[in-house]
There are 2 protein chains.
Amino acid sequence: MRKHFPERTIQRLLLYYRYLNFMLQQGTKMISSRGLADLLEIMDSQVRKDLSYFGKLGKRGAGYDILELRNKIAEILGIKSKKNICIVGMGNLGSALSAYKGFEELGFNISLVFDVSEQKVGHKIKGQICSNYSDLLKLIKENSIKIAILTVPANSAQETALALEKSGIKAILNFTPVKLTLSKAVKIRNVDLALELKTLSFFTED
Amino acid sequence: MRKHFPERTIQRLLLYYRYLNFMLQQGTKMISSRGLADLLEIMDSQVRKDLSYFGKLGKRGAGYDILELRNKIAEILGIKSKKNICIVGMGNLGSALSAYKGFEELGFNISLVFDVSEQKVGHKIKGQICSNYSDLLKLIKENSIKIAILTVPANSAQETALALEKSGIKAILNFTPVKLTLSKAVKIRNVDLALELKTLSFFTED
């Protein structure tokens with residue numbers, strides 16, 4: 001069922017989850033749809049629509065029970081279940097991401113990291129032993145990993161992506177500037193950091 | 001004038017720029033609007049509309065001269081002019097970004113990096129001497145830096161963002177999961193890596 005949520009709904013649900021968690025830590029117990037809407041800067045009718053997926057949760061006038069709502073969202077989104085992921089390309093960005101705590105907080109476990117460099121393979125990088133890229137197919141299959149973070153140089157991005165697809169990867173977070181061409185069975189999200197920065201910079205022009 | 005391009009148009013223009021550059025390197029000289037549209041997976045009418053901002057460029061039937069179009073886009077978007085930026089928070093992600101080549105390719109120069117840690121201040125991290133966070137206001141003003149990358153821990157994000165605004169920063173690329181509250185004079189883009197990965201992971205569910 002989860003699959004049928006639109007992507008934007010999923011992103012909003014994840015944001016609700018994060019804010020609700022934060023409020024629980026602060027000791028807050030109830031919140032109105034307006035309160036949640038204000039936090040996300042969206043309309044409260046949108047919040048009510050999103051949360052209506054979960055059946056009757058809010059009490060008219062009293063708002064939502066934060067703990068109940070948080071747990072419901074976690075359950076629907078499968079946040080509790082740990083997911084193993086791999087990172088391919090242990091340059092600066094790959095190494096940084098392998099130590100990035102934000103992934104762990106949302107239930108990810110980085111179980112494999114790969115590189116081609118002899119200086120890296122077999123050595124610990126930020127606490128992870130680096131595997132040899134030549135074992136990619138075997139190791140990803142053996143460990144049934146479905147999600148990969150791609151941080152290789154641009155000129156080997158497409159080739160690596162094809163190897164990932166072959167090894168059974170179903171989702172790739174692509175940090176290379178290359179538009180990957182894979183079958184529809186693999187879902188790709190592109191994170192283009194330089195493009196984000198460049199877009200932003202236009203608003204600082206005189 | 002640049003300011004009035006919609007954000008999405010700017011992002012497409014940057015992508016055109018990148019692909020055109022790539023094709024030049026491959027020795028290709030001409031491209032049709034359809035050719036560009038296919039690369040970006042958008043409609044060719046969209047490409048023609050975007051490129052019409054630049055006046056008469058294409059020749060009916062022959063398509064666009066890649067070199068001419070590339071230079072025109074670079075000029076309009078100010079890609080040639082180097083822009084100084086700073087990074088605040090030299091943890092794993094901040095350090096990685098300070099060495100990230102993608103920024104340089106799009107005309108950015110990381111001229112200052114900041115941290116609070118005594119172990120880092122005054123030392124080189126990935127080739128950058130780390131400045132003391134307590135000098136942030138002074139150094140950013142002196143160097144007229146307008147763009148900052150924010151990679152501090154979540155619990156000091158808002159406070160740091162306020163200091164950045166005070167020091168004259170006009171654009172922040174925010175890697176923290178915190179929704180920053182600043183005046184409208186500061187443009188913010190949020191890059192939430194964990195959220196990207198989580199959204200992606202829903203499409204690998206059974």
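Predicted model: local features only at pLDDT ≥ 70, side-chain atom pairs only at ≥ 80, totals over all residues.
**View 1. Strand E5 of chain A is joined to strand E6 of chain A.** Two bridges link E5(A) with strand E6 (residues 128–132) of chain A, and the two strands run antiparallel. Within this pairing, A:Ile125 stands opposite A:Gln128 in E6(A). In general, the strands of a sheet pair through backbone hydrogen bonds, in either a parallel or an antiparallel manner.

**View 2. The sheet of chain B carries helix H9 of chain A.** Seven strands of chain B form an open sheet of mixed pairing, ordered E5-E6-E4-E3-E7-E8-E9. Strands E5 (124–125) and E9 (187–190) of chain B each have a single partner strand and stand at the edges, so one side of each is left without a neighbour in the sheet. Helix H9 (residues 193–201) of chain A packs on this sheet and touches E3, E4, strand E7 (147–150), strand E8 (171–174) and E9 of chain B. The direction of helix H9 of chain A makes about 155 degrees with that of E8(B).

**View 3. Strands E3 and E4 of chain B run parallel.** Strand E3 (residues 83–88) of chain B is joined to strand E4 (residues 108–115) of chain B by six bridges. The bridge partner of B:Cys86 in E4(B) is B:Leu112. B:Cys86 is buried, with a relative accessible area of 0%.

**View 4. B:Cys86 and B:Cys130 are too far apart for a bond.** The cysteine sulfur closest to that of B:Cys86 belongs to B:Cys130, at 12 Å. Conversely, the closest cysteine sulfur to that of B:Cys130 is in B:Cys86. A disulfide requires sulfur atoms within 2.5 Å, and the 12 Å separation is therefore too far for a bond. B:Cys130 also counts as buried, at 2% relative accessibility.

**View 5. Helices H1 and H3 of chain A pack against each other.** Helix H1 (residues 7–26) and helix H3 (residues 44–51) of chain A meet at an angle of about 95 degrees, and their axes are 11 Å apart. H1(A) is therefore roughly perpendicular to H3(A). A:Thr9, A:Arg12, A:Leu13 and A:Tyr16 in H1(A) meet A:Gln46, A:Val47, A:Asp50 and A:Leu51 in H3(A). The residues of this contact comprise four nonpolar, two polar and two charged.

**View 6. B:Ser45 is a residue of helix H3 of chain B.** Helix H3 of chain B spans residues 44–51. B:Ser45 is partly exposed, with a relative accessible area of 36%. B:Ser45 and B:Arg34 are eleven residues apart along the chain, and their C-alpha atoms are separated by 8.5 Å.

**View 7. Chain A contains nine helices and nine strands.** The C-alpha atoms of chain A fill a box of roughly 65 × 50 × 35 Å along the principal axes. Of its 206 residues, 50% count as buried. Among the contacts in chain A with a separation of 6 or more, 57% are between residues 24 or more positions apart.

Notes: Residues numbered from 1 in each chain as written. Chains lettered and ligands numbered in written order. Heavy atoms only, no water. Pairing = 2+ DSSP bridges. Helix = DSSP H or I, 4+ residues; strand = E, 2+ residues; numbered from the N terminus. Contact = heavy atoms within 4.5 Å. Axes fitted to C-alpha atoms, helices over the stretch in contact; angles between N-to-C directions. Parallel < 35°, antiparallel > 145°, perpendicular 65-115°, else oblique. Nonpolar A, V, L, I, M, F, W, Y, C, P; charged D, E, K, R; others polar. Buried < 20%, exposed > 50% of the residue type's maximum accessible area, 1.4 Å probe, protein only.
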